[in-house]
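Good morning, and thank you for coming.

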Amino acid sequence: MWQTLPGTLCELGESPFWHPQEQSLYWIDIPGRCILRTRGAIGPDVGVERWALAEEPGCIAPARRGGLVMALRSGIYRAREWGGALQLMAAADYDTATMRFNDGKCDPLGRFWAGTLNEPKTQRNATLYCLDARGGRTPVVSKMANDATTANGLGFSPDAGTLYWSDTAAHVVRAWDWAGDSNTLSRERVFHQFAAKRDGWSAESGVPYQGRPDGATVDAAGDYWSAMFEGAQLLRLAPDGAQREAIALPVQCPTMPCFGGDDLRTLFVTSARKGRPAAELERLPASGCVVMQRVEATGLPVNFFDE
């Protein structure tokens, strides 16, 4: 049974992760320009803190030495503590009037990855970047993949041998063989292609539509869990790309799942309400909130940023 986490309403929630040392859920509100985190036990009396930012965050990740690394519209930044000063690690190399950072996270070796989004959705010029600052080195940013409109769904398999990356606008999740030590990608392939939205579709139309792949997480068994924007569901895909399970949600536009709790068996899902029809928000009042449910699957712990 899905529950709504109190005090979590956002315009466009994204980039959730469970911080094991703090026993807290972190996530962002992109148009709301803030980072959020829970305080206290997860439940009806949970507290939620909000950290206002000067520009839109696309994704965040915890740092092993404390604080966060984050991709904002203008670049990738480091904050040493909650609400603290932002240190620029790498400036954006794109036109910030039409592009911004979107989905991302750290890999198992401590690098920070973030993809971009073409806001007019007129070009397939979104890029997946990787920032490496391990060992105290000057941050090095590499372009790892491209040919997308909306970078989303980044994930790594439990054996660190496969990287997943979705293009929401194209309704596709791609996969690569990933060699972590050399940080190289090879054997690009389509992991799962979803059907496009049909003309005339609406949530009330009855026209079939699974939604389009937004943020994602990978569980300990290697299954890929994709939030299907406008599809009101999560789809669980096996390592070969076959659909294993469809899980209905109380929000039309889920944006990203993550596993949390002591045993990593609580599934949290962020969602969006920005730009949605009033009738939909009335029918699905949890839209924009974090929803949660206990599941049988076990997640992977969050990867921390190393420097």
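Buried means under 20% relative accessible area, exposed means over 50%, and partly exposed lies in between, with a 1.4 Å probe and protein chains only. In general, side chains in a regular strand alternate between the two faces of the sheet.

A word on the source: this is a predicted model, in which local features need pLDDT of at least 70, side-chain atom pairs count only at pLDDT 80 or more, and totals for chains, interfaces and linings use all residues. Residues are numbered from 1 along each chain as its sequence is written, and side-chain values use heavy atoms, with hydrogens and water left out.

Strands here are DSSP runs (E, at least two residues), numbered from the N terminus, and two strands pair if DSSP finds at least two bridges between them.

Which strands pair with β12? Strand β11, residues 112-118, pairs with β12 in the antiparallel sense over 4 bridges, and A114 has Y129 in β12 as its bridge partner. Strand β13, residues 140-148, also runs antiparallel to β12 and is joined to β12 by 6 bridges; A148 in β13 stands opposite A126.

Let us turn to the open sheet. Its 4 strands come in the order β6-β7-β8-β9, with antiparallel pairing. The edge strands, β6 (57-62) and β9 (86-91), each pair on one side only. Between β6 and β7 (residues 68-72) there are 5 bridges, and C59 has A71 in β7 as its bridge partner.

Next, the nonpolar cores. A nonpolar core is a set of buried Ala, Val, Leu, Ile, Met, Phe, Trp, Tyr and Cys residues joined through side-chain atoms within 4.5 Å. The largest one has 18 residues, and V69, A71, I76, F101, F112, L131 and F305 touch the most other members. Two or more residues come from each of β6, β7, β9, β10 (99-106), β11 and β12, and β10 gives the most, with 3 residues. A second, separate core of 17 residues includes I35, L53, Y77 and A272.

Finally, consider F305. Leaving aside neighbours within four places in sequence, F305 is in contact (heavy atoms within 4.5 Å) with several residues, among them V69, F112 and L131.
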